[in-house]
Amino acid sequence: MYLEIVSPEATLFSGEVTSVTVPGVNGEFQMLNNHTPIVSILKEGHVKVDGTNIQLEKEVEAKFTKSDKGFWLAISSGTLELKDNKLIILAD
């Protein structure tokens with residue numbers, strides 16, 4: 001699936017990923033390829049992104065924590081929309 005993470009300052013990430021786990025207001029949940037369409041509000045926590053060959057831009061690399069399979073991004077709140085395997089996260 002294609003993921004785009006956008007903050008008020010810049011686009012933090014855009015690219016193909018395997019899965020994304022987010023801190024929803026009713027609990028953490030994960031989205032995989034071909035997930036049903038969804039719109040959700042996010043609360044403070046971590047956006048966890050898994051995938052192979054994920055490349056972060058040098059300008060935003062410091063905002064992320066790398067993991068074995070991908071990266072984590074701390075957020076204070078946000079909104080997401082997933083439709084047709086394109087996930088957009090608007091993060092604060």
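Predicted model: local features only at pLDDT ≥ 70, side-chain atom pairs only at ≥ 80, totals over all residues.
Residues are numbered from 1 along each chain as its sequence is written, and side-chain values use heavy atoms, with hydrogens and water left out.

I then placed Glu16 in strand β2, residues 11-16 (strands are DSSP runs of E, at least two residues, numbered from the N terminus). Apart from neighbours within four places in sequence, Glu16 is in contact with Met1, Tyr2 and Ile54, where contact means heavy atoms within 4.5 Å. For Met1, I found the backbone nitrogen 3.5 Å from a polar atom of the Glu16 side chain.

Next I turned to Ser40, which sits in strand β5, residues 38-42, and is buried, with a relative accessible area of 13%. Beyond its neighbours within four places in sequence, Ser40 is in contact with Phe29, Gly78, Thr79 and Leu80.

Last, I looked at the loop between β9 (78-83) and β10 (86-91), where Asp84 lies; Asn85 is also in the loop between β9 and β10. Phi of Asp84 is near 55°, a positive value in a residue other than glycine, and phi of Asn85, likewise a non-glycine residue with a positive value, is near 60°. Asp84 counts as exposed at 69% relative accessibility, whereas Asn85, at 24%, counts as partly exposed.

Technical notes:
Helix = DSSP H or I, 4+ residues; strand = E, 2+ residues; numbered from the N terminus. Buried < 20%, exposed > 50% of the residue type's maximum accessible area, 1.4 Å probe, protein only. Polar contact = N/O pair within 3.5 Å; in protein donor to acceptor, adjacent residues only side chain to side chain.
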